Amino acid sequence: MCKVCSVNKVPLTGSSRRPNADNTPYFEKRQRLDPPSHATASSALNWAPPPSRLPHQAVAAPSTPALSCLDPFGPSRHISTPHQGQTVPKSFNSLQVYAGDHLSRQMVELFEACQQQSIDLERKEVFRARLQEDIQSIFSVARLYLTGSSMNGLGCRSSDADLCLVITGNKKPDPVSVLSRLRKLFRKLSYVEGTCLIRAKVPILKFKEKGSDLEFDLNINNTVGIRNTFLLRSYAHADPRVRPMILVVKKWACHHQINDASKGTLSSYTLVLMVLHYLQSLFSSYACFSLQDCFSPCMEIDMVPEGSTHVPPYISRNQSSLGELLLGFLRYYASEFSWDKRVISVREATAFPKTYAQEWRKKFICVEEPFERNNVARAVHEKLKFDAIKAQFVQSSMKLQARRDLNSILPLRAIINKEALRR
């Protein structure tokens, strides 16, 4: 059972794992995302838990997985017949409950135009499955996981795909050595092109699917990234307003050039945690929770996707529209949040006092990584960059409050048209 923490604790019913319909062992099939057995999608204020099962294959799985129902949270036109016992919302219509005003409707329009479609995820999954089979020709026990925004439900159509190759054994593999061998292999594969090894603190192999615009970043044994993927996925699907909020905030930050950690500003991951923290603090009667224990570091990595089955359902008592949430988000970080005194912690569902620990001392922005507990906003190390970030929150908050029009803080139509080119 997942430990649930909140300011105003709400009794939550238990969750049991639904039996596998075909009784095939987990490790022989694929990575799964089964909904809790008690979940429903009957109410506009109830949002189904994370999607059922995504076809991540295991070590000896066939090269072509079953690809039905890849993302039941996408538009209904992409939903095929669900597995037995699966509860899937017929559409994203419950979001319309929170889109009664002009600003909210604009946010829904942007979200629906930009969100990753089931067909996008399907392409990435087919590529991943094929690549895993070829990788196993040199690393027989390796497993390849699709991670990041492609899998956590927070990606756009234009999002690149992150891959994590997990290699187990008594001896810890050297990432650079492994990636160098993979680069040689990839150069022989007919469906891969443009391989490039980035020798950073966390080495990455970048490459593309030949003949398409699909780009991949592959890392080695970043199991924290896998846990984070499914943790964020559970938060993202706890309420229908979470994903649109995060997507709009990402587009806003990108437009104002404050979302690039390599340039001393905020990473997309940091922005996601900031949005979740704001919603946790606002929805104390329902969403001030921590799902951390459902994805415990003690859990075997193969079972991490199963963590979603232990997440209890949440019923929102907050009726704020999407527009009201966006206005509140900007106002919160523009004038209410104490940047110099508080550390954002989604893990604890609060902002705790900044201490003299090295992670927080003399840092302009402090956002705790849920598992490693370091500062994911440490890239913001210049006061000039911090001032620019905060100024953007202040300016955008004032503009949006005055006009109640999304165009006042980002070019809505231009972004939608750009995404449309990828269809």
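Pro 297 is placed in the loop between helix H7 (268-282) and H8, where helices (H or I, at least four residues) and strands (E, at least two) are DSSP runs numbered from the N terminus. The structure is a predicted model, in which local features need pLDDT of at least 70 and side-chain atom pairs count only at pLDDT 80 or more, while totals for chains, interfaces and linings use all residues. Residues are numbered from 1 along each chain as its sequence is written, and side-chain values use heavy atoms, with hydrogens and water left out.

With a relative accessible area of 56%, Pro 297 is exposed; the classes are buried for under 20% relative accessible area, exposed for over 50% and partly exposed in between (1.4 Å probe, protein chains only). Not counting residues up to four places away in sequence, Pro 297 touches Arg 227 and Phe 371, a contact being defined by heavy atoms within 4.5 Å. Pro 297 and Arg 227 are 70 residues apart along the chain, and their C-alpha atoms are separated by 8.0 Å.

The chain as a whole contains ten helices and nine strands. Of its 423 residues, 57% count as buried. Among the contacts in the chain with a separation of 6 or more, 67% are accounted for by residues 24 or more positions apart. The accessible surface of the chain is about 18400 Å², and 51% of that surface belongs to carbon and sulfur atoms; these areas come from the Shrake-Rupley method with a 1.4 Å probe, and for residues only the protein chains shown count as cover.

Two helix pairs are described here. Two packed helices are described by the angle between their axes and the distance between the axes. The axes are lines fitted to C-alpha atoms, for helices over the stretch in contact, and the angles run from 0 to 180 degrees between N-to-C directions. Helix H1 (residues 102-114) packs with helix H8 (residues 322-336) at an angle of about 90°, the axes being 7 Å apart. H1 is therefore roughly perpendicular to H8, given that angles under 35 degrees count as roughly parallel, over 145 as roughly antiparallel, 65 to 115 as roughly perpendicular and the rest as oblique. In this contact, Leu 103, Ser 104, Met 107 and Val 108 of H1 meet Leu 322, Gly 323, Leu 326 and Leu 327 of H8. The residues of the contact comprise six nonpolar, two polar and no charged. For these classes, Ala, Val, Leu, Ile, Met, Phe, Trp, Tyr, Cys and Pro count as nonpolar, Asp, Glu, Lys and Arg as charged, and the others, Gly among them, as polar.

Helix H2 (residues 118-135) and helix H4 (residues 175-186) pack at about 110°, with their axes 11 Å apart, and H2 is thus roughly perpendicular to H4. Here Leu 131, Asp 134 and Ile 135 in H2 meet Leu 182, Leu 185 and Phe 186 in H4. By class, this contact has five nonpolar, no polar and one charged residues. Helix H4 also holds Pro 175, a residue that is partly exposed at a relative accessible area of 27%. Leaving aside neighbours within four places in sequence, Pro 175 is in contact with Pro 203 and Ile 220.

The structure holds 20 aromatic pairs. Rings of Phe, Tyr and Trp (its six-membered ring) pair if their centres lie within 6.5 Å, and planes under 30 degrees apart count as stacked, over 60 as edge-to-face and the rest as tilted. The rings of Phe 329 and Tyr 333 have centres 5.2 Å apart and planes at 70°, so this pair is edge-to-face. Both residues lie in helix H8, four residues apart, about one turn of the helix. Phe 329 is buried at 0% relative accessibility, and Tyr 333 is likewise buried at 0%. Phe 352 and Trp 360 form another edge-to-face pair, at 6.1 Å centre to centre and 75° between the planes; both Phe 352 and Trp 360 are buried. One aromatic cluster includes Trp 252, Tyr 278, Phe 329 and Tyr 333.

Backbone geometry was also examined. Most residues other than glycine have a negative phi. Lys 362, however, has a positive phi near 60°. Lys 362 lies in the loop between strand S9 (350-353) and helix H9 (383-403) and is exposed at 77% relative accessibility. Arg 404, likewise not a glycine, has a positive phi of about 55°. Arg 404 lies in the loop between H9 and helix H10 (412-420) and is partly exposed at 40% relative accessibility.
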